[in-house]
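I opened this notebook to keep track of what I look up in one structure. The entries below follow the order in which I worked.

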Amino acid sequence: MNTALKENERLKALASFNMLDSPRERDFDEIAELTSRICETPIAVVNFIAEHRQFFKAEVGLGVRETPLDSSFCAKAILEQEFLLVPDATQDPRFACNPLVTGEPNLRFYAGALLKTTEGHAIGTLCVLDYQPRQLSQLQQDTLKVLARQVMRQLELRQALRERDEAQKQQAILNAEITHRMKNTLAMVQAIATQTLKSVQERDAVDALCRRIAAMGIAHDQLLQQDWMAASMMSVVRPMLELHGDDGRIATSGPDIELGPKTTLSLSLLLHELATNAAKHGALSVPGGKVDLSWTIDEEAGEPTLRMSWQESGGPMVSEPGRRSFGSLLIEMGLLGKGGVVKAWMPSGLVARFEARMADVQRR
């Protein structure tokens with residue numbers, strides 16, 4: 001790679017860390033202070049070499065945040081392999097004529113360890129300077145190199161976090177677009193179903209189909225918010241009950257556990273059918289009726305098990321229906337589409353209990 005292209009790649013690498021002209025930060029200040037103490041020098045700098053200047057992210061003993069490159073020791077350091085040590089600048093032809101050596105502040109000593117990216121680009125140094133000629137012990141040199149690597153780890157970690165926030169913003173935009181398109185698609189499905197079935201005499205069946213499609217849409221919304229990986233119990237329960245306008249007559253209680261995608265879809269349809277039936281024939285069909293929806297995690301069942309209860313009260317007398325409707329079949333499929341359901345038509349109203357292993361409930 002020619003020199004100009006290599007320098008261009010180095011500057012791009014430096015820019016990717018977003019450090020130039022950034023404010024002072026304690027994390028880097030502490031490294032500079034510790035470096036100064038360990039190397040026993042009055043000056044220590046966390047330094048980035050830009051195109052026409054050097055920027056000091058942290059400094060001890062200088063009092064400035066940047067200087068031009070023409071007087072920079074560090075600009076020479078990035079041409080070295082890993083480490084540059086100048087015991088006496090007046091005796092080194094690379095620095096003997098440097099204005100910082102021949103005049104104020106009369107620097108004599110320099111030692112710098114490269115700040116090097118994983119791709120091999122030298123973007124700056126962690127360096128120490130002194131007004132007197134001197135040496136560093138092997139331990140001091142090794143420590144300077146280790147601390148320089150720690151500066152790079154800080155930079156790389158911050159870069160990774162910015163990229164993740166990587167990606168999360170882009171994913172949020174994508175999810176919003178998917179949600180929008182899915183809602184449009186489901187709305188079209190509802191319209192097609194309504195038109196296709198407009199001659200069907202049982203209008204309740206058509207309405208039920210449309211409401212089930214709407215319930216699926218709500219479940220998909222919750223999963224999209226978590227990249228199709230999971231949804232919380234409350235994020236599924238609340239909108240599903242709001243869809244049926246319960247006006248506070250459905251009381252809910254239980255831990256806000258995480259649900260896997262399959263459970264999210266099954267539970268959404270399950271609650272939709274229970275609420276629909278309650279509004280038509282059960283407790284929610286009369287003003288004074290109520291529903292108690294609760295769930296717990298049973299830790300003593302051999303393995304953690306989710307137990308959910310739907311209990312109606314204050315409604316009309318109910319009895320087991322004479323035929324099994326599609327809605328009844330959905331309810332009997334339970335939390336995971338595998339059963340685990342017990343229903344009882346009590347004088348006070350329907351009681352339905354569901355259970356499933358937590359490992360299955362949260363499976364992704």
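**Entry 1: salt bridges.** I first wrote down what counts: a salt bridge is a side-chain nitrogen of Lys or Arg within 4 Å of a carboxyl oxygen of Asp or Glu. I also noted that the model is a predicted one. Side chains of opposite charge can pair when their charged atoms come close. By this rule I got a count of 21 salt bridges.

**Entry 2: R26 and E33.** I looked up this pair and found that the two side chains form a salt bridge, with 3.3 Å from N to O. That distance qualifies because it is within 4 Å. For E33 I noted a relative accessible area of 33%, so the residue is partly exposed.

**Entry 3: D92 and R94.** The side chains of D92 and R94 also meet in a salt bridge, at 2.8 Å from N to O. Is D92 buried or exposed? I found D92 to be buried, because its relative accessibility is 12% and the cut-off for buried is under 20%. R94 is partly exposed, at 36%.

**Entry 4: E332 and K343.** I then checked a salt bridge between the side chains of E332 and K343, which is 3.4 Å from N to O. This pair links distant parts of the chain, with E332 in helix α10 (residues 326-332) and K343 in strand β12, 11 residues apart. Both ends are partly exposed: I noted 26% relative accessibility for E332 and 24% for K343.

Entry 5: I looked at β10 (residues 290-298) and β11 (residues 305-313), which pair in the antiparallel sense over 9 bridges. Which residue in β11 is the bridge partner of L293? I found W310 there.

Methods. Residues are numbered from 1 along each chain as its sequence is written. This is a predicted model: local features need pLDDT of at least 70, side-chain atom pairs count only at pLDDT 80 or more; totals for chains, interfaces and linings use all residues. Side-chain values use heavy atoms; hydrogens and water are left out. Two strands pair if DSSP finds at least two bridges between them. Helices (H or I, at least four residues) and strands (E, at least two) are DSSP runs, numbered from the N terminus. Buried means under 20% relative accessible area, exposed over 50%, partly exposed in between (1.4 Å probe, protein chains only).
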